[in-house]
Amino acid sequence: MLGNHGRSITKAVFTPLARVLARLGVTPNMVTVAGTVASVAVAVICIPQGWIWQGGIALAVVMFGDSVDGTLARMTTGGTRFGAFLDSTLDRLADGAVFGSLTAFAVFRMNESPVRTWVIVAGICSIIGAAAVPYARARAESVGVVAKLGIAERTDRLIVGMGSAIVMSVGAPAWVLALGLTWVAFASFITVCQRIWFTARHIDEGTQ
């Protein structure tokens with residue numbers, strides 16, 4: 001949902017930067033790998049230590065900047081199948097690092113309470129959802145169905161998950177993080193169901 005609106009913004013912002021990178025010989029795959037390494041490093045170093053708002057700002061900058069790989073690909077190679085595969089695969093590592101680190105924060109930094117347990121359970125479900133949503137799309141495409149629909153794209157899940165953590169870190173009660181991760185987990189489950197339903201309805205068309 002939010003991701004669809006953000007693509008036009010990132011295209012306008014990153015086109016000048018992509019032109020510079022293209023002239024320097026930087027490839028889209030280089031940008032993809034660098035962005036993933038930076039995202040994972042920021043998540044696993046900052047969030048479990050309790051540096052949540054600092055890590056959130058750094059992640060926002062890194063992940064927003066990582067969008068330049070798509071603009072650069074369209075400007076140079078036009079996009080390759082391997083590039084699309086690499087980008088999608090490495091996104092899963094970044095997502096897992098973010099939601100895994102939020103769960104680790106709850107385990108190691110939050111006081112024992114029902115809310116802490118809630119956050120841990122919701123965090124684990126969010127990690128599962130981060131893998132299940134793109135997997136459902138990939139499996140649908142393997143049988144000839146393009147199932148891009150769903151109420152929670154990657155951008156939505158990351159914004160809600162990290163946003164709720166940042167709000168908590170600046171003074172809001174811990175249940176704000178619990179609610180944010182619960183939404184991520186629930187919305188991921190609904191998105192998977194939507195993609196299964198869509199694939200079931202269109203799979204015969206894809207195999208004709």
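Glu141 is partly exposed in this predicted model, at 39% relative accessibility, and its salt-bridge partner is Arg137, with the closest N and O atoms 3.1 Å apart. Arg137 is likewise partly exposed, at 30% relative accessibility. Both residues belong to helix α6, where they stand 4 residues apart, about one turn of the helix. The whole structure contains 4 salt bridges.

**Salt-bridge network**
- Asp91, Arg92, Asp95 and Arg154 are joined in a network of salt bridges.
- Within helix α5, Arg92 and Asp95 are 3 residues apart and so separated by about one helical turn; their side chains form a salt bridge at 3.3 Å, N to O.
- Asp95 also meets Arg154 in a salt bridge, at 2.6 Å, N to O.
- This second pair connects distant parts of the chain, with Arg154 in helix α7 and Asp95 in helix α5, 59 residues apart.
- Asp95 is buried, with a relative accessible area of 1%, whereas Arg92 is partly exposed at 25% and Arg154 partly exposed at 23%.

**Nonpolar cores**
- The largest nonpolar core has 27 residues, of which Val98 and Leu102 touch the most other members.
- Helices α2, α3, α5, α6, α7 and α8 each give two or more residues to this core, and α5 gives the most, with 7 residues.
- Leaving aside residues up to four places away in sequence, Val98 touches Ala43, Ile47, Leu59, Met63, Leu158 and Met162.
- A second, separate core of 5 residues includes Ala18, Val31, Val68 and Leu72.

**Nonpolar surface**
- Trp53, Ile57, Val61 and Val170 make a nonpolar surface patch of about 420 Å².
- Trp53 lies in helix α3 and is partly exposed, with a relative accessible area of 41%.

Key: Residues numbered from 1 in each chain as written. Predicted model: local features only at pLDDT ≥ 70, side-chain atom pairs only at ≥ 80, totals over all residues. Heavy atoms only, no water. Core = buried A, V, L, I, M, F, W, Y, C linked by side-chain atoms within 4.5 Å. Buried < 20%, exposed > 50% of the residue type's maximum accessible area, 1.4 Å probe, protein only. Contact = heavy atoms within 4.5 Å. Patch = residues over 30% accessible without salt bridge, like charges linked within 9 Å, V, L, I, M, F, W, Y side chains within 5 Å. Areas by Shrake-Rupley, 256 points an atom, 1.4 Å probe, with all protein chains shown as cover.
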